[in-house]
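The sequence and the structure come first.

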Amino acid sequence: MNATVLRCIGGGVLALALWGVTQIGYAVWLCPFDQARRNAQHGTTTVIVENGERVRRTHDVLFVCETTHYLGPMALHYDLDCYCAPETMSVTDVAQSVDGSCVADSTGSAARCAHGHCNRYLP
Amino acid sequence: VQRDWPNPDVLLTERISPARGLVSIRALHAFQAALLLLAACAVDGPLRFVAGLPLVVAALAFAVRAVMAPLRRRRVPESLWILVAATVALGVASPDIGGPTWFEIVRRAWSAAGVVLVGLVATRDPVWRRRALAIAVLGSTALSFVTPMVIRNPNIDVVPWTSTASRALLHGIHPYTVLAPDVYDGGADFGFSVQVYPYMPATLLIFAPVTALLGDFRYALAMCLPVTIWLLCRGSRRAGASQDALDIAVMVLALNPIGLAVVRSGWNEPVLTVIAVAFAAAALAGSTSLATAAVLMLPALKQYVLAPAILWGFARRRAVTPFAWLAAGGAAFATLLPFLVWNASSTIRGVMFQMTAPSHPRPTAISIPGLLASLSLAYPPIWLSAAGELIVCAAIGLACRGRDVATILLASAVALLVAFLAGWQAFVNYYTFVASLLVIGAVAATARSDPA
């Protein structure tokens, strides 16, 4: 194959490798859900999500779940995140769905998913 | 005599020689800026502020260099082709667009194949070059048409709003008085709640007939890719533009890593790109009346695209006859007038919605206010974005740098990038349009007929 074609393929592979390394770096050092868990552990703040564009839908309930963040087969750390799920789902259903441990979020000023915000929807 | 403007004779001698594959340095910088922007779009998601925003800032720097660059020529470096290939490859890793599994695999495989096609064009072997260009355009066009078929209900409000407004118009109902179904089921906090079709009425004049004929307005967006490329090829050949620059432009437009996401989401920027390339082709051909009509149609289609019209006004205020200005302005206004007569308050509410409704920046915007909002920090006011665009236009216009078509397009890209970086809303569709402006500007920068 022509050397120019090979160099272009190399450029493509390099771009994807760079993208992959950035993703891994983000997951390892900048994961906001890992930061939320550490904040909760250290008592810095109990709020997990306070802004963003996702809020609970009509008939949704908020759940706080702790899950394991994997990088391929390797467990990186534990994530703490807010999930919006239909009110028909129980805590057990949600925990099974996310493969972690969950609790229903508190309401009012004690809410950890502030102003009805969540990062993920179930189903 | 304007000191900043090069002698037109220099333009003729210093610009490209198509046979030798030489292009001006400003064209190279413009391509680099466009590719950085598309890379930023491809990594949108969790990496938005870690990688996307810095790439947009880097793209702005290259776009400024493109405007300021000398007209010296040089051969297209192979590194530019490698950068094209790298950007196309990012389509493999671009965010999921909500299609069925087979479609997601096919569109990613197409991006991977695109890398090889870019390499084949870069070899400059006449047979393989032609074949690879044809395959890239036909394949991407086919996938663009398949996208609305397989992703019928994308989870984005643009599609139901445009569809509902188009269907309302077809049924004789004022499109700014209807409500679209909430695709998010209440699960969205954008800092505003969409209560009216928030885009310009000219878009509906394009989308309503397509909806009536094909059932989905997004086929009009799919059609924009081949039309853009056809207009670009036709215009640049007539203007004596560099074949290498045209090849790069075609590959970037066809293999845009988020091109299918734009069609899927119903964003109307592909229509803007068609109008922008029509403007460039008309202006390069010396048809100032047609160019004026096209450039004034841009803000009639999307509120933020003021820069090309302003810069064209600065540059050619004497070359365009008052009648041509009136006719072009009248044509653009004619797309709005019937809706105003029909129901002025609803139409104005819809057209002004994006400027009046938001209460805070979107935390998903690829912009500085977006970053600040996502960190719950103080952010600049909403008007800063429009002010930024106007200030950049005024600065370039007053400096008399924007006389030729290439500079008008590249400077417009700079003004829009400043506006978006300072904006409360700045998403991949906005940046994709700016990338298209840069690509068209790069080709125009190699044209021998670009009149000063």
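A:C82 is buried, with a relative accessible area of 0%; buried here means under 20% relative accessible area, exposed means over 50%, and partly exposed lies in between (1.4 Å probe, protein chains only). The model is predicted, with local features requiring pLDDT of at least 70 and side-chain atom pairs counted only at pLDDT 80 or more, while totals for chains, interfaces and linings use all residues. Residues are numbered from 1 along each chain as its sequence is written, chains are lettered from A and ligands numbered from 1 in the order in which they are written, and side-chain values use heavy atoms, with hydrogens and water left out.

A:C82 is bonded to A:C113 in a disulfide with the sulfur atoms 2.1 Å apart; a disulfide is a pair of cysteine sulfur atoms within 2.5 Å. A:C82 lies in strand β2 (residues 74-86) of chain A and A:C113 in the loop between β3 and β4 (120-121) of chain A, so the pair ties together parts that are 31 residues apart in sequence. Helices (H or I, at least four residues) and strands (E, at least two) are DSSP runs, numbered from the N terminus. The link of A:C82 and A:C113 is left-handed, with -95° about the S-S bond. A:C113 is buried, at a relative accessible area of 1%.

## The other disulfides

A:C84 and A:C118 also form a disulfide, and their sulfur atoms are 2.1 Å apart. This pair links distant parts of the chain, with A:C84 in strand β2 of chain A and A:C118 in the loop between β3 and β4 of chain A, 34 residues apart. The torsion about the S-S bond of A:C84 and A:C118 is about -110°, so this disulfide is left-handed. A:C84 counts as buried at 0% relative accessibility, and A:C118 is buried with a relative accessible area of 2%.

A disulfide also joins A:C65 and A:C102, with 2.1 Å between the sulfur atoms. A:C65 sits in strand β1 (residues 60-71) of chain A and A:C102 in strand β3 (residues 100-104) of chain A, 37 residues apart, so that distant parts of the chain are linked. The disulfide of A:C65 and A:C102 is right-handed, because the torsion about its S-S bond is about 110°. Both A:C65 and A:C102 are buried.

A:C8 counts as buried at 0% relative accessibility. For B:C233, the closest cysteine sulfur is in B:C224, at 16 Å, again too far for a bond. B:C233 counts as buried at 14% relative accessibility.

## Helix α7 of chain B

Helix α7 (residues 158-170) of chain B has 13 residues and should span 18 Å at 1.5 Å a residue; its end C-alpha atoms are 18 Å apart, which agrees. The expected span is 1.5 Å times one less than the number of residues. Just after α7(B), B:G172 takes a positive phi of about 75°.

The helix α7(B) is mostly covered, with ten of its 13 residues buried. Among them are B:W161, B:T162, B:A165 and B:L169. The cover over the buried residues of α7(B) includes α8 (201-214), α9 (218-238), α11 (259-265) and α16 (337-342) of chain B, where contact means heavy atoms within 4.5 Å.

## Salt bridges

There are 14 salt bridges over all chains, a salt bridge being a side-chain nitrogen of Lys or Arg within 4 Å of a carboxyl oxygen of Asp or Glu. One of them joins the side chains of A:D81 and A:R120 (2.7 Å, N to O). A:D81 lies in strand β2 of chain A and A:R120 in strand β4 of chain A, so the pair ties together parts that are 39 residues apart in sequence. A:D81 counts as buried at 1% relative accessibility, whereas A:R120 counts as partly exposed at 34%. The side chains of A:D60 and A:R57 also meet in a salt bridge (2.6 Å, N to O), and both residues are buried.

In chain B, B:E104 forms a salt bridge with B:R107, with the closest N and O atoms 2.9 Å apart. Both lie in helix α5 (residues 101-122) of chain B, three residues apart, about one turn of the helix. B:E104 is buried at a relative accessible area of 6%, and B:R107 is buried at 5%. Elsewhere, A:D34, A:R37 and A:R38 are joined into one network by salt bridges that share partners.
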